[in-house]
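Look at the sequence and the model together.

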Amino acid sequence: GFAGKLAAEHLLVKSYPIKWACCARNEAKAAAAVKTIADRVGATALPPIEVACLISDEAKLRAVVKKTKVVLTCAGPFEKYSQTLVKVCAEEGVHYADITGESDFFRKMIAEHDATAQKTGAKIVIHCGNDAIPWDLTVFEMSKLARSKGAELAEAWTYGEFGATAAASGGTLTTAIYQLGKRRGGAKPDFDPLLKRPDGSKSESLTKITNPKQDVYCDEFAQYGGPVMANCVRRSNALLGYSASLTYADVMLRGHPTWAQWAGAKANEALVGAAVMAPRVFARFLPAPGEGMDAGYLKLHGRGRMVERDGKETPLKSTYHFPLDTGYLMTAQMLVEAGMVLLEKAKAGPGGVLTPAAALGSDIVARLDKELDAKFELSEA
């Protein structure tokens with residue numbers, strides 16, 4: 001797919017001293033795609049091609065997984081294509097990372113494979129793309145700073161600032177249509193799997209999500225903002241214990257829309273709704289996977305509040321800047337660098353179905369700063 005090609009390109013350009021391969025259903029097409037990328041970037045050493053299908057041949061997929069130490073996947077919707085891959089990685093003790101933003105998939109993988117991954121040592125790291133890494137690691141670093149001061153992170157807010165052309169990518173829309181259109185049902189668990197501790201019990205470190213239900217005006221940034229996903233932070237708090245009662249809110253900043261922009265957004269919402277009801281008719285009018293506007297950049301503004309044992313409160317302030325398109329390009333690069341951390345620190349820490357913060361911690365922050373020219377800054381405000 002499109003993001004997979006970008007991940008392969010990043011590996012070819014970086015030329016890390018590792019052995020790696022591409023896996024696809026069609027060997028000839030994959031080899032041609034890799035050759036085209038290599039020619040464009042001037043790479044001469046090409047990776048081998050492994051052949052397997054993510055959903056129809058578990059034995060062949062397992063044979064490929066057993067050859068490696070880390071598996072990276074960009075094939076979404078992940079609930080549709082990656083369930084067997086996660087199962088096999090968990091059973092074989094092979095680390096896994098993806099770029100999904102699908103909370104239902106995350107919950108299902110925790111419920112079904114967390115215990116197995118703990119036994120084998122496999123780190124199954126969900127949300128290693130732009131949907132979560134900047135946000136998850138911002139709150140992680142805030143909590144780390146608070147603990148270094150003998151305090152606890154009580155509240156955190158994040159405000160995402162994107163380039164003027166930012167919009168949902170074709171891959172994101174395809175996944176959204178799949179999620180909204182699927183049947184739901186079945187017995188509900190005793191508690192949200194995102195709160196599951198390694199011993200199977202419910203974590204006592206809970207997160208209250210206070211995202212706005214609709215667009216709000218953010219005085220500090222003089223922009224409007226709307227709600228986005230926050231479940232990755234909820235899972236990290238449950239595993240790492242930032243606070244027994246953390247409050248977290250996330251807002252995507254955008255300027256006050258013109259009437260034309262407002263009308264366009266409403267028309268797009270209607271088109272997505274129509275595509276959910278009749279995908280064969282309406283999905284063709286939306287960006288396809290690999291299409292969509294260049295997000296330009298991401299600057300994530302963080303605001304927090306830590307509380308010491310004597311009750312003293314100190315505000316925290318952070319920024320996390322990614323200079324290039326995070327919709328596709330830097331998402332693929334984030335995934336590769338997450339994989340490099342998993343490879344280099346393969347035996348560090350426990351296995352399980354984890355978040356980037358729980359599995360990679362400050363190592364991924366340092367690596368993204370070094371390899372992608374990202375820049376994370378945090379201080380007491």
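Arg305 and Glu313 form a salt bridge, with 3.1 Å between the closest N and O atoms. A salt bridge here is a side-chain nitrogen of Lys or Arg within 4 Å of a carboxyl oxygen of Asp or Glu. Glu313 counts as partly exposed because its relative accessibility is 47%. Buried means under 20% relative accessible area, exposed over 50%, and partly exposed in between (1.4 Å probe, protein chains only).

This is a predicted model, in which local features need pLDDT of at least 70 and side-chain atom pairs count only at pLDDT 80 or more, while totals for chains, interfaces and linings use all residues. Residues are numbered from 1 along each chain as its sequence is written, and side-chain values use heavy atoms, leaving out hydrogens and water.

The whole structure has 20 salt bridges. One of them joins the side chains of Glu9 and Arg40, at 2.5 Å from N to O. Glu9 belongs to helix H1 (residues 2-14) and Arg40 to helix H2 (residues 27-41), so the pair ties together parts 31 residues apart in sequence. Helices (H or I, at least four residues) and strands (E, at least two) are DSSP runs, numbered from the N terminus.

Another salt bridge links Arg62 and Glu91, whose closest N and O atoms are 2.7 Å apart. Arg62 is in helix H3 (residues 58-65) and Glu91 in helix H5 (residues 83-92), so this pair ties together parts that are 29 residues apart in sequence. Arg62 is buried, at 17% relative accessibility, and Glu91 is partly exposed, at 35%. Both belong to a network of salt bridges that links Glu58, Arg62, Lys87, Glu91 and Glu92.

How is helix H9 placed in the structure? Eight of the ten residues of H9 (residues 231-240) are buried, so the rest of the structure largely encloses this helix. Helix H7 (residues 133-148) packs with H9 at an angle of about 35 degrees, the axes being 9 Å apart. The axes are lines fitted to C-alpha atoms, for helices over the stretch in contact, and angles run from 0 to 180 degrees between N-to-C directions.

Lys196 sits in the loop between helix H8 (170-181) and strand S7 (206-209). Lys196 counts as buried because its relative accessibility is 16%. Tyr81, in helix H4 (residues 78-81), is partly exposed at 26%. Between the C-alpha atoms of Tyr81 and Leu54 there are 5.9 Å in space, although the two are 27 residues apart in sequence.
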